[in-house]
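Subject: Handover of a structure for your review

Dear colleague,

Please find below the structure that I am handing over to you. My notes on what was found in it follow directly after.

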Amino acid sequence: MDVKTQTEAASDSGDVCAAAKEEEQPESLASFAFFLLKLVLAVLIFRSFVFSPFSIPSESMLPRLWNGDYLLAAKWPYGISNNSLPFNAPLIPGRVLASEPEPGDVVIFKHPIDGTDYIKRVIALPGDSVRVLGGQIVLNGELVPKEPIADFVIPTSPNTGCAWGAEATTNKSGEDVCSYKRFRETLPNGVSYEVIDFGLTRADNSDTVIVPEGRMFVMGDNRDNSQDSRFAAMAGGGVGLVPQENLVGRATIIMWSTDGGAEWVKPWTWFGAARWGRIGGTI
């Protein structure tokens, strides 16, 4: 029987280890690639059917939503359509499991003309008659109660300036703030929320419209700083009577908020710019 020398045995062992490593490397790369694929699919499914993040780029929904808020929108309440999918992928015919929003819901939808994401509050649904009279909503012939409450005060920041209807002042801490006249509206279904009103403007009186099937009448809570259903649909402007098939989701929770004073390349500035008291707030 042949007996290998120690040198020959070590050489054979080295060859076996090298071969094993060569086999493990492609297998490890394949496993990692498969893991990444599963991760991407999981994120796409979550964003398409469960929750998706959105940012608030304007002050049209003050006082509830501030410029610089980042929120999660629930995708399932109104059904799933191409508008719910990332990049509006044309994969779903119509709207699957469709359901109507409730009056008072804060909804995200695609603008009927330019397709950008808008966020407004649902005021009226198909069959409802609606108009604005002297700055007050008239829904199905009845005035929606609008009671004055304490002024809304918000600190000025890179994300927040004083609009023409605000009073620029300083609070007790010496901080520059904007103060707005605030009201509480209550819809017939009992949903109550706060709005800002600067005073009478051209949008505070409108003709009566009856919402047709498949549409909805929406308004911003910042009544004199919102392009909504009071204005004809046009790119970058009003939205008209919004098709419900354009619904993307229902705003649910604020997951982050910043006053705009941070720089992304300087992570240590994020904490000072964060509005910690707003994070986790429901909508």
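The structure, which is a predicted model, holds one disulfide. This bond joins Cys162 to Cys178, with a distance of 2.0 Å from S to S. Cys162 lies in the loop between β10 (146-155) and β11 (167-170), whereas Cys178 lies in strand β12 (residues 176-186), so the pair ties together parts that are 16 residues apart in sequence. The torsion about the S-S bond is about -95°, and the disulfide is therefore left-handed. Are the two cysteines buried or exposed? Cys162 has a relative accessible area of 33%, which makes it partly exposed. Cys178, at 0% relative accessibility, counts as buried.

Of the 283 residues, 40% count as buried. The protein exposes about 15,500 Å², and carbon and sulfur atoms supply 60% of that area. Among the contacts with a separation of 6 or more, 62% are between residues 24 or more positions apart.

The average pLDDT of the protein is 85, and 80% of the residues score at least 70. Two stretches call for caution. Over residues 1-11, pLDDT stays under 50, and the model has one contact beyond four places in sequence for them. Over residues 16-20, pLDDT also stays under 50, and here the model has zero contacts beyond four places in sequence. Where pLDDT is low, the predicted coordinates should not be read in detail.

I turn next to the sheet. Seven strands form an open sheet in the order β1-β2-β17-β5-β6-β15-β16, with antiparallel pairing. Which strands stand at its edges? They are β1 (51-55) and β16 (242-243); each has a single partner strand, so one side of each is left without a neighbour in the sheet.

The pairings may be followed along this order. β1 and β2 are antiparallel and pair over five bridges; Pro53 has Leu72 in β2 as its bridge partner. Strand β2 (residues 69-74) is joined in turn to strand β17 (residues 247-257) by six bridges, and these two strands run antiparallel. Across this pairing, Leu71 stands opposite Ile254 in β17, and Asp69 stands opposite Ser257 in β17.

Strand β17 also contains Val248, a residue that counts as buried at 3% relative accessibility. Val248 and Val107 are 141 residues apart in sequence, yet their C-alpha atoms are 7.6 Å apart in space.

Strand β5 (residues 106-110) pairs with β6 in the antiparallel sense over five bridges, and Val107 stands opposite Lys120 in β6. β5 and β6 form a hairpin with six residues between them, and Gly115 in the turn has a positive phi of about 75°.

The last topic is the nonpolar cores. The largest has 14 residues, and those with the most contacts inside it are Ile123, Ala124, Val130, Ile137, Leu139, Phe217 and Met219. Which strands each supply at least two residues of this core? They are β6 (117-124), β7 (129-133), β8 (136-139), β13 (192-196) and β15 (215-219). A second, separate core has twelve residues, including Phe54, Leu71, Val106 and Ile119.

Yours sincerely,
A colleague

Terms used:
Residues are numbered from 1 along each chain as its sequence is written. This is a predicted model: local features need pLDDT of at least 70, side-chain atom pairs count only at pLDDT 80 or more; totals for chains, interfaces and linings use all residues. Side-chain values use heavy atoms; hydrogens and water are left out. Two strands pair if DSSP finds at least two bridges between them. Helices (H or I, at least four residues) and strands (E, at least two) are DSSP runs, numbered from the N terminus. A disulfide is a pair of cysteine sulfur atoms within 2.5 Å. Buried means under 20% relative accessible area, exposed over 50%, partly exposed in between (1.4 Å probe, protein chains only). Contact means heavy atoms within 4.5 Å. Accessible areas come from the Shrake-Rupley method with a 1.4 Å probe; for residues, only the protein chains shown count as cover. pLDDT is the predictor's confidence in each residue, from 0 to 100. A nonpolar core is a set of buried Ala, Val, Leu, Ile, Met, Phe, Trp, Tyr and Cys residues joined through side-chain atoms within 4.5 Å.
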